[in-house]
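Keep the viewer at hand.

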Amino acid sequence: MNRVIAALRAQRWMWIAVAVVVIVVLVGTLLDKRGSESIPDASAIEPVGSAVLLCPEPGAGSDLGVRVTAAVVPGQVGQDDRPGRAGMETLPGKESAKSAIETPGGQAQITAFGERLPAIRAYGVGSLAPGLIANQWGRDPRGTGRGMASTACASAGSDFWFVGGGAIAGRQTRVVLVNPDDTPAVVDVIVHGTDGLIDAPAGKGLVIKGLDRAVVRLDVLAPGIKATAVHVIARAGRVGASVADEQMSGLDAVGTDWIPQSTAPSTKLYVPGVMPGKGARVLSIVTPGVDDATVRLRVISPNGTFAPADREQIDVPAESVVSFDMSDVIGRDPATIEVTSDVPVVAGMRQFFGGKGVQDETAFSSSAQPMTTTSAVSGLPVRASTDVRVAITAPGSEVQVDIVLLPFKGGKEAAKPTDPIRVTVGAGQVRFVLLPEPQAEWFTAVITPVEGSGPYLASHRVREQSRYGDLVTGYPWAPLRTQVRVPTAQVDPGLTVQ
C-alpha cells in the first residue's frame with residue numbers, strides 16, 4: 001500500500017514539473033514574440049493634416065513683375081469629406097493680399113507688379129492640405145535686374161541646403177528667411193567656400209521675429225568668396241529659407257535667379273535640369289563632413305549614359321566646395337548628372353545663357369533624388385515668345401509618366417485638367433518635352449508615374465526668346481507631400497506576464 005501511495009505522489013510531482021515547464025516555455029515564447037514581432041513600428045501613415053509653404057519676396061523692385069501662385073493638386077490621398085481650407089495670404093505688413101482655394105484642383109494667385117509685398121504664406125488644412133504646392137515667378141525684361149527668376153515656395157522647416165552663390169565684386173547673393181509663426185526663430189547661416197568652412201560669426205544665432213522676414217547677404221558673411229554652399233539650420237522654431245543670386249558685369253546684367261533647395265547630403269544623388277544651350281555649365285560639389293570625398297560622375301543624356309572624359313572622378317576636400325565647367329562634356333543637350341561619392345555630399349549647377357551681341361542670363365539647378373509618386377509645379381507662364389519644357393530622366397529602369405495641365409483662368413472653381421500626355425523614357429536617358437500652351441494666364445503641370453514605371457527625376461525650363469537675349473528659369477521638381485508618419489500608442493503584452 002505504501003508503495004502505491006509513493007508511486008502516486010511521484011506521478012503527481014511529475015505532472016506538476018511538466019506543467020511548470022509548459023508555463024515557462026509559453027512565457028518565454030510570448031516574451032520572445034513581444035521582442036521580435038508583437039510590437040510593430042510605433043507609427044502610422046496618415047494624410048497630411050496641415051501644410052505651410054513660404055514664398056520669400058513678391059515684388060523686389062519697380063521693374064520686377066512677380067506672380068505668386070498656389071494649387072491643390074487633385075486626386076490625392078486624404079482629399080476626402082473632411083473639412084478643409086487653403087489659400088495664400090501675406091504676412092502682416094504694410095501691404096496685405098489674400099486668395100482662397102475652395103476645392104481640390106483649385107488654384108490661386110497674388111500679383112506684385114511694381115510693388116513690394118511682405119512674404120506670402122500658402123496654407124492648407126484638413127482635406128485641402130494634401131497636394132498643396134506654391135511657386136514664385138518673376139520677370140524683368142530690362143534694367144540692372146534683367147532676367148527671369150522662379151522658385152518653389154519652401155516648406156516651413158529647420159534644415160536647408162543650397163549650392164551656389166558668391167560674394168565677388170558685382171555679385172550679390174541673399175539668403176531670405178521667413179518665419180511663419182508668432183514666436184521668434186533662431187537661425188544659423190553656415191557658409192562653405194572653396195577653402196573650407198567660412199568663419200562667419202555674424203551668421204550665428206540670428207533671431208527672426210514672429211511673422212517676419214530677414215535677409216542675410218553673403219558679401220557680409222563671406223566677402224570675396226567665389227563659390228559657396230549655404231546650410232541654414234533653425235535652432236529654435238522653424239523658417240522657410242530661399243536664396244537669390246544676381247550678378248552684374250559693369251552696367252550689364254549677367255543674370256538673376258533663385259538657387260533651388262538641394263536634397264540632404266547623400267552618397268548618391270542627381271543634378272537634373274541641365275538645360276540645352278550655349279554657355280558654361282558649372283557643377284559645384286560640397287562635402288559637408290570632416291572627411292574628404294572621392295566623387296564619380298556620370299552624364300545621363302537623350303542618347304544614354306556615359307562617364308565624362310577627364311571628369312569621371314573628382315576629389316572634394318572636407319567642408320569645401322569644388323566647381324568646374326561641364327559644358328565641353330555635355331555639349332548643348334539637356335542632361336542629368338549622376339553623382340556618387342564615398343561620403344555624403346551635396347551638389348548644384350549654375351548655367352549661363354548668352355552669346356555675341358546679347359545680354360547674358362543665368363539659371364540654377366540642385367541635387368535631387370528619384371521619385372516614385374506624383375510631382376507638380378504651379379505658376380508656369382503663358383506668354384508670347386515663351387515656351388515651357390519638362391525634362392524627365394530615367395536614372396535606372398524605363399519610365400512611363402502622364403503629364404496633365406491645370407489651366408488657371410481666374411475664379412475659385414476647380415481647374416479642368418487637360419488630356420494626359422503619355423511620355424516614355426528609356427532606361428538611362430532624358431527626354432525634353434515641350435508642353436502645349438493652354439488657354440490661360442498660367443498653368444500647373446502635374447506628372448504622375450504609370451503603374452510599373454521606374455523611378456524618375458523631373459525639372460522644367462521656362463524660356464522667353466528675345467533679340468536682347470533669352471530670359472530663362474527653372475528648377476528640379478519634388479514629390480507632392482500628401483502623407484505623414486505619425487506616432488501611435490501600442491499596448492505592451494509583456495506587461496500582463498511580467
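This is a predicted model: local features need pLDDT of at least 70, side-chain atom pairs count only at pLDDT 80 or more; totals for chains, interfaces and linings use all residues.

Residues are numbered from 1 along each chain as its sequence is written, and side-chain values use heavy atoms, with hydrogens and water left out.

Start with the cores. A nonpolar core is a set of buried Ala, Val, Leu, Ile, Met, Phe, Trp, Tyr and Cys residues joined through side-chain atoms within 4.5 Å. Buried means under 20% relative accessible area (1.4 Å probe, protein chains only). The largest such core has 27 residues. Ile392, Leu435, Phe443, Ile447, Tyr456 and Trp477 touch the most other members. Strands (DSSP E runs of at least two residues, numbered from the N terminus) that give two or more residues to this core include β29 (386–394), β30 (399–408) and β33 (442–449). A second, separate core holds 26 residues, among them Phe162 and Val232.

Now the aromatic rings. Phe408 and Trp442 are stacked, at 4.4 Å centre to centre and 10 degrees between the planes. Rings pair if their centres lie within 6.5 Å, and planes under 30 degrees apart count as stacked. Phe408 lies in β30 and Trp442 in β33, so the pair ties together parts that are 34 residues apart in sequence. Phe408 is buried at 6% relative accessible area, and Trp442 is buried at 0%.

Finish at the largest pocket. Its lining counts 49 residues, with Ala152, Cys153, Ser155, Gln261 and Ala478 nearest the centre. A pocket is an open set of points on a 1 Å grid where a 1.4 Å probe fits, with protein on both sides within 12 Å along at least five of seven lines; lining residues have an atom within 4 Å of a point.

Conventions:
Buried means under 20% relative accessible area, exposed over 50%, partly exposed in between (1.4 Å probe, protein chains only). Helices (H or I, at least four residues) and strands (E, at least two) are DSSP runs, numbered from the N terminus. Rings of Phe, Tyr and Trp (its six-membered ring) pair if their centres lie within 6.5 Å; planes under 30 degrees apart count as stacked, over 60 as edge-to-face and the rest as tilted.
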